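User: Can you walk me through this one? I'd like to start with a helix and then move to the sheet.

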Amino acid sequence: MEYTIQTYGLCKKYGGCSVVQNVSMHVPKGKIYGLLGRNGAGKTTIMKILLGLVKKDSGSVTLFNQVMADYQSGIYARIGSTIESPGFYSNLTAVENLSVFSRLRGKVDKNKIRNALNVVGLPYQDKKIFSKYSLGMKQRLAIANAIINDPELLILDEPTNGLDPIGIAEMRILIRRLSHECGKTILISSHQLSEMEQMVDWIGIIHEGRMLEECSYQQLEENRQHSYIRLVVKEPEQVYEYLKKTLSIENIKRPEASAIEIYDLKYGTLELNSRLFAAGFAVAEISKCQNSLEDYFKKMTGGAGIA
Ligand SMILES: Nc1ncnc2c1ncn2[C@@H]1O[C@H](COP(=O)(O)OP(=O)(O)OP(=O)(O)O)[C@@H](O)[C@H]1O
């Protein structure tokens, strides 16, 4: 597989506090990659490192198959982003704002502005000024600004943040169109799993600066929606050892002191119950459960942040 972004062992500390820890990520060319993590997980910092806005402490970044030196600039013309997106002028229209920022980058091309506004679904002739825009329109304008020069890679920090469900659905359609119809590779961040659904092809889960898991979204769904057997027992340590050593069950978790979850379903509940009984263990509860993707994220990241 060809990757547009690859990082290896990326680290960043702020004042002695590690905010990015040994992050290796792989963003496949032409795909939408979602960086998912709770507030403060380190998503924006990773994006800023990719864009050369923040200097990494160690590790490497490869963009378009080119290993990046710190603050190397040429390649950034191939990337559009909404991080540190310009503070748009509140008293100017979309076209006027995009003209100002185009001028800062070089020259103003009316056709490019018209085209970018068309792609994000904002009217070219609109006289409405920025301060009268809805949040969704503001997000669209930021994306229009990012795509003006037709970049191959888009880095969008929380493009759905604060939008209502309809706004999220519209943003999802726009981002998918940018990927499928315009062929762009897109890295987006979010702290909401639900916002990533039906949008991303790949996902990287960041927690406290570390990459917990990275895989295709489909793979994640397949892996995590498996059933499992939940046991509540009197002697969890001994049962755990018995399951591992005597029954050779591999994938076992201990979510609570007395509970055991078995993901390797080589034995059904009846068979397992009778084996535990025969081995002299007291089983208070045995049931087959379904682990939803949401539950999985909550467990992984320790609670309420991702929903
Ligand atoms: N310039 C900075 N100086 C000091 N600490 C910083 C700086 N920038 C970010 N941090 C800290 O680094 C951590 C990661 O922040 P970051 O913005 O990357 O997280 P995030 O996952 O994007 O969160 P959010 O979803 O809230 O934007 C946070 O604890 C934040 O306070």
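**Helix and sheet**

Analyst: This is a predicted model. In α2, the buried residues are A94, V95, N97 and L98.

User: What do the buried residues of α2 pack against?

Analyst: Their packing partners are α3 (110–120) and α4 (135–147).

User: How many residues does α2 have, and what does it span?

Analyst: Helix α2 covers residues 94–105, which is 12 residues. From first C-alpha to last it reaches 17 Å, close to the expected 16 Å. Just after α2, G106 has a positive phi of about 155 degrees.

User: Switching to the sheet. What is the strand order?

Analyst: The order is β7-β8-β9-β4-β10-β11, six strands in an open sheet with mixed pairing. β7 (79–81) and β11 (210–216) are the edge strands, each pairing on one side only. From one strand to the next, the twist averages 15 degrees.

User: Do β8 and β9 run parallel or antiparallel?

Analyst: Parallel: four bridges join β8 (residues 153–156) to β9 (residues 185–190). L153 has T185 as its bridge partner in β9.

User: Which strands does α5 touch?

Analyst: Helix α5 (residues 165–180) packs on the sheet and touches β4, β8 and β9, with its direction at about 155 degrees to that of β9.

User: Which strands does α1 lie across?

Analyst: Helix α1 (residues 43–50) lies across β4 (32–36), β8, β9 and β10 (202–207), and runs at about 150 degrees to β9.

Note on methods: Residues numbered from 1 in each chain as written. Predicted model: local features only at pLDDT ≥ 70, side-chain atom pairs only at ≥ 80, totals over all residues. Helix = DSSP H or I, 4+ residues; strand = E, 2+ residues; numbered from the N terminus. Expected span 1.5 Å × (residues − 1). Buried ≥ 20, exposed ≤ 12 C-beta atoms within 10 Å, placed from the backbone. Contact = placed C-beta atoms within 7 Å. Pairing = 2+ DSSP bridges. Axes fitted to C-alpha atoms, helices over the stretch in contact; angles between N-to-C directions.
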